[in-house]
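User: I have a model open and want to go through it piece by piece. Can we start with the strands and move on from there?

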Amino acid sequence: MIVDFAPEDVDLDRAAILRSQGIPEEAEFTENFELIYEGAIELFQKLAEPAGIIVGITISEFKEVFRGEGLNEPENPVEDIYRKSSYLALFAVTLGPVLSSKVTGLFDNGDYASGYMLDSVSSYAADKLTDLAAQHLQSELAVKEPAASSWRVLSYSPGYCGWNISGQKKLFEVLHPEEIGITLNESCLMIPVKSLSGVLIAGAGEIHEFVNSYPFCDTCRTKSCIERMRDLK
Ligand code: SF4
């Protein structure tokens, strides 16, 4: 299914956006900083064209998608989690080409402060758009299957947690995100840049819990799994 979102559907949490830049909540801000921040929010509301595509897939079909080019880490959390799922769906979301071009344009014109702020707002919004896609799937599932209202739907993406980035190729072959304007370049990066793709895994909350002691976790900068698992409680 193709899902159209509106820019105002995305809840832009100022504290979280600033935290993503390493700015503490208790920081004091200059008038100029506030102008840059407000300018970025206005540009986002004006230029973002959020959209998503979600396609259900069986566990056996996903096994092939996940195998991709055969470059995944031999042990990884996604492999363990999807096998325990109650429902799987491939997904892609995007904020559209205009917003991504604006970020590039600001940097190209030397307006680094505005470019950096809009980039931060857009990256945060793309993550939130993925959450909205997960919520959308959960609502759809709950209509058909009452038990689904207690499931947890979380996203997992190529390029993270042992799923090699080359997995984008097989994922795109099956999902066809070009229907919402997302294409893949030779380096497996998505165009527009502010897009995310992967699999939505639905099931009991416990299936998403794991010990993050895989060899590749040593070099992980975000350790984002910790917060995600904390939110399951
Ligand atoms: S520590 Fe990083 S790489 Fe390891 S599972 Fe968590 S998010 Fe993934």
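User: What is the bridge partner of Val3 in S2?

Analyst: The partner of Val3 in S2 is Gly52. Strand S1 (residues 2-4) and strand S2 (residues 51-57) run antiparallel and are joined by 3 bridges. Strands here are DSSP runs of E with at least two residues, helices are runs of H or I with at least four, and both are numbered from the N terminus. Two strands pair if DSSP finds at least two bridges between them.

User: Before I go on, what kind of model is this, and how are residues numbered?

Analyst: This is a predicted model: local features need pLDDT of at least 70, side-chain atom pairs count only at pLDDT 80 or more, and totals for chains, interfaces and linings use all residues. Residues are numbered from 1 along each chain as its sequence is written.

User: OK. How many bridges are there between S2 and S3?

Analyst: There are 7 bridges between S2 and strand S3 (residues 87-94), in the antiparallel sense. Ile57 stands opposite Leu88 in S3.

User: And S4, which strand does that one go with?

Analyst: S4 is joined to strand S7 (residues 195-203) by 5 bridges, and the two run antiparallel. Leu154 has Ile201 in S7 as its bridge partner.

User: Is S4 enclosed or open?

Analyst: Strand S4 (residues 152-156) has 4 of its 5 residues buried, so it is largely enclosed by the rest of the structure. Buried means 20 or more other C-beta atoms within 10 Å of the residue's own, exposed means 12 or fewer, and partly exposed is in between, with C-beta atoms placed from the backbone.

User: What about Leu196, buried or exposed?

Analyst: Leu196, which is in strand S7, is buried, with 21 other C-beta atoms within 10 Å. Leaving out residues up to four places away in sequence, Leu196 touches Val93, Ala126, Thr130 and Ser157. Contact here means that the C-beta atoms, placed from the backbone, lie within 7 Å. The C-alpha atoms of Leu196 and Asp127 are separated by 7.7 Å, although the two residues are 69 residues apart along the chain.

User: Switching to helices. Which residues of H2 are buried?

Analyst: Tyr37, Ala40, Leu43 and Phe44 are buried in H2. Seen down the axis of H2, these buried residues fall within an arc of 125°, so they line one face of the helix. The arc is taken from the directions from the helix axis to the C-beta atoms.

User: How far does H2 reach?

Analyst: Helix H2 (residues 31-47) has 17 residues and reaches 24 Å from first C-alpha to last, close to the 24 Å expected at 1.5 Å a residue. The expected span is 1.5 Å times one less than the number of residues.

User: Now H5. Which residues are buried there?

Analyst: In H5 the buried residues are Leu99, Ser100, Lys102, Val103 and Leu106. Seen down the axis of H5, they fall within an arc of 155°, so they line one face of the helix. They pack against H2 and H6. Thr104, Gly105 and Asp108 are exposed on the face turned away from the buried side of H5. After H5 comes Gly110, with a positive phi near 80°.

User: Which non-glycine residues have a positive phi?

Analyst: Among them are His176, with a phi of about 60°, and Lys223, with a phi of about 50°. His176 is in the loop between helix H7 (167-175) and strand S5 (183-184), and it is partly exposed, with 13 other C-beta atoms within 10 Å. Lys223 is in the loop between S7 and helix H8 (224-231) and counts as exposed, with 10 C-beta neighbours inside 10 Å.

User: Where is the cis peptide bond?

Analyst: The cis peptide bond joins Ile191 and Pro192, with omega about -5°. Pro192 is in the loop between strand S6 (190-191) and S7.

User: Last one. Which residues are around the ligand?

Analyst: They are Pro77, Tyr160, Cys161, Asn212, Tyr214, Phe216, Cys217, Cys220, Thr222, Lys223, Ser224 and Cys225. A residue is near a molecule or strand if its C-beta atom, placed from the backbone, lies within 6 Å of it.

Notes
Contact = placed C-beta atoms within 7 Å.
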